[in-house]
Amino acid sequence: MARVHGKRLIGAVTAAIVVLGVTAGTTGTAAAAASEVVDVVAAADTYVDSSRPDTRLGSSSGLDVDAKPGRIALLRFDLSGLTGRTVLGLQLRMFQVDASKTGGRVRSVGGAWDESTTWSSKPEVGGVLGTFGAVTRARWYELPLPTTLAVDGALSLAVDSASSDGARWASRETSTRPVLWVTVAVEGSADPADPVDPGAPALTQAATWELGSSEPTYYSGQHRLAVTRGGRTLAVYGRHSNGVQLTWRDPGGVWQTTTRGDSTTGALLAGTGTGDWPASIAVATDPGGAEHAWVVWSGPNVGALRPVQMRRLTGLDATEGPSVGPVVTLDAAPRGAYKADIAFERGADGLVRGCVLYSRRVGDTSYELTGVWFTDLTTDAPVLDSRVVLETGTSSSHYGSLVAAPGGLRAVTRAGSGGGSLRVFAHDAGAPLDSWRTGATGPAIVSGGSPSGAALASGGVITSVEHDVSTHAVTVFLVSPDGATGSVLLSESGLAQPTVTTDGVRAWLIAVRLSDGALVSREWSAAGGWGSDQVEVTAGSGGPLAW
């Protein structure tokens with residue numbers, strides 16, 4: 001059974017990918033073809049047991065893999081209909097019932113078999129195609145496979161283990177059946193070898209519908225994408241009914257979730273029962289020249305009563321995926337912390353340091369907009385330094401986003417009396433870490449609206465806010481390099497949930513256009529002003545679109 005999730009895209013990750021496509025399109029790198037993912041559920045499966053050499057186990061709810069006694073799982077997928085289609089990616093997805101130090105090795109299979117096959121009549125098992133790492137119970141796991149396996153017809157796979165600590169995978173007799181994800185190019189889409197058209201970035205599906213979330217990023221002030229020196233894209237999003245998910249993609253490749261270290265599935269936070277965990281990611285280089293990434297998350301609002309936590313990622317461009325460090329709690333915030341963001345600043349001494357901005361409840365009707373620094377980028381658990389409260393108020397609607405400008409960090413926030421206006425706080429690169437200035441004040445921001453910002457090469461910061469809930473009016477505001485003053489660049493109705501990005505000279509406003517529900521971009525430059533709307537994703541591509 002095959003099911004197509006063609007062109008159904010996660011709204012927030014889609015928006016972020018469009019932003020990346022615009023800014024990275026000028027480099028002339030190759031574009032990936034537009035794609036869709038076909039879910040192919042196992043047409044047959046069983047396991048065979050050396051201790052019961054003549055027993056048929058095809059009706060079992062589990063697929064056991066073990067070394068002592070020998071137990072091998074067999075799976076078959078019907079890939080008929082792939083003739084003429086370009087396969088861009090292939091992933092085996094299985095649900096683990098037990099727990100083990102290793103989930104087993106996936107191998108090719110030669111020869112015929114069916115669900116009545118026993119150990120005595122099992123087919124020949126071939127070479128290893130991939131290996132599951134350590135597995136825990138009640139979790140899905142994905143394993144990338146060579147795309148050369150995806151030929152028109154039947155594909156048989158075996159899973160065995162070299163460990164006596166056996167694993168047990170769910171069979172097709174359960175609701176968590178084995179699935180093969182086949183990513184195929186959409187007919188008529190660009191060939192991967194075609195040069196990039198900066199005006200038409202390719203869209204890719206970072207997660208299928210059951211792994212996404214209604215609000216995977218939760219607000220537009222977050223930074224959910226980062227690009228490594230090697231060109232790999234790292235993305236984080238709230239995973240449905242689970243927690244925080246990392247996915248990554250090499251240029252021209254498919255999205256993958258394989259990681260190393262404390263997590264082998266890209267799950268940075270799991271088992272929480274909800275995907276409502278706003279998260280941000282940023283990349284920086286330590287004094288020795290090694291590049292790492294940090295992911296920070298917290299609650300979506302004050303009522304969630306959640307801490308601020310962080311993980312460091314190392315080996316970002318490794319073939320087997322980044323290595324995930326342990327969870328570090330930055331603020332236990334027993335009364336609730338929310339909307340955390342992270343960015344890095346290069347100080348006057350040339351050293352890079354990180355800052356986390358978040359909001360926290362400190363009393364029944366008292367709230368703080370807080371920043372905290374860390375300066376040691378060589379450890380998974382840095383010592384926190386120079387915690388500072390940027391603003392205290394009686395409204396919980398004080399929150400913001402960090403922007404790394406040439407002259408230092410800028411916190412673009414919803415703050416002020418009642419928490420309802422754009423307010424910029426500035427930290428200069430040469431100033432003490434706890435020394436922030438209150439800078440420009442801009443337009444009102446609607447309840448639930450989130451300011452976003454991006455730095456220009458001139459040192460200025462371009463920001464976007466939604467300032468009128470009745471007409472969905474959006475204002476784009478340009479803040480001076482010192483963060484002290486600002487001016488309106490654009491004010492227009494009929495747009496929602498805006499965000500901005502820049503290549504240093506040009507800037508792009510990204511928003512949902514309410515007249516047709518499309519995700520649109522609009523380019524700005526100091527010399528040419530604003531261009532016209534460019535449709536990036538139509539509402540019919542998986543709408544309604546949000547964040």
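The model is predicted, so local features need pLDDT of at least 70 and side-chain atom pairs count only at pLDDT 80 or more, while totals for chains, interfaces and linings use all residues. Residues are numbered from 1 along each chain as its sequence is written, and side-chain values use heavy atoms, with hydrogens and water left out.

- Start with D533, which sits in the loop between β38 (529–530) and β39 (534–537); strands are DSSP runs of E with at least two residues, numbered from the N terminus.
- D533 counts as partly exposed because its relative accessibility is 24%; buried means under 20% relative accessible area, exposed over 50%, and partly exposed in between, using a 1.4 Å probe and protein chains only.
- Apart from neighbours within four places in sequence, D533 is in contact with R513, V520, S521 and R522, where contact means heavy atoms within 4.5 Å.
- R522 is 11 residues from D533 along the chain, and their C-alpha atoms are separated by 4.9 Å.
- The side chains of D533 and R522 make a polar contact of 2.7 Å. A polar contact is a pair of N or O atoms within 3.5 Å; within protein, one must be able to donate a hydrogen and the other to accept it, and residues adjacent in sequence count only if both atoms are side-chain atoms.
- The side chain of D533 also joins that of R513 through a polar contact of 3.4 Å.

**Aromatic pairs**

- The whole structure holds eight aromatic pairs. Rings of Phe, Tyr and Trp (its six-membered ring) pair if their centres lie within 6.5 Å; planes under 30 degrees apart count as stacked, over 60 as edge-to-face and the rest as tilted.
- One of them joins Y141 and W169 edge-to-face, with 6.1 Å centre to centre and 85 degrees between the planes.
- This pair links distant parts of the chain, since Y141 is in strand β9 (residues 139–144) and W169 is in strand β11 (residues 167–170), 28 residues apart.
- Both Y141 and W169 are buried.
- The pair of W524 and W530 is tilted, because the ring centres are 6.5 Å apart and the planes are at 45 degrees.
- W524 counts as buried because its relative accessibility is 9%, whereas W530, at 22%, counts as partly exposed.
- Ring pairs also link F132, Y141 and W169 into a cluster.

**Charges over rings**

- The charged end of R232 sits over the ring of W248, 3.9 Å from its centre; this requires NZ of Lys or CZ of Arg within 6 Å of the ring centre and within 35 degrees of the ring normal.
- K339 lies over the face of Y219, 5.1 Å from the ring centre.

Methods. Helices (H or I, at least four residues) and strands (E, at least two) are DSSP runs, numbered from the N terminus.
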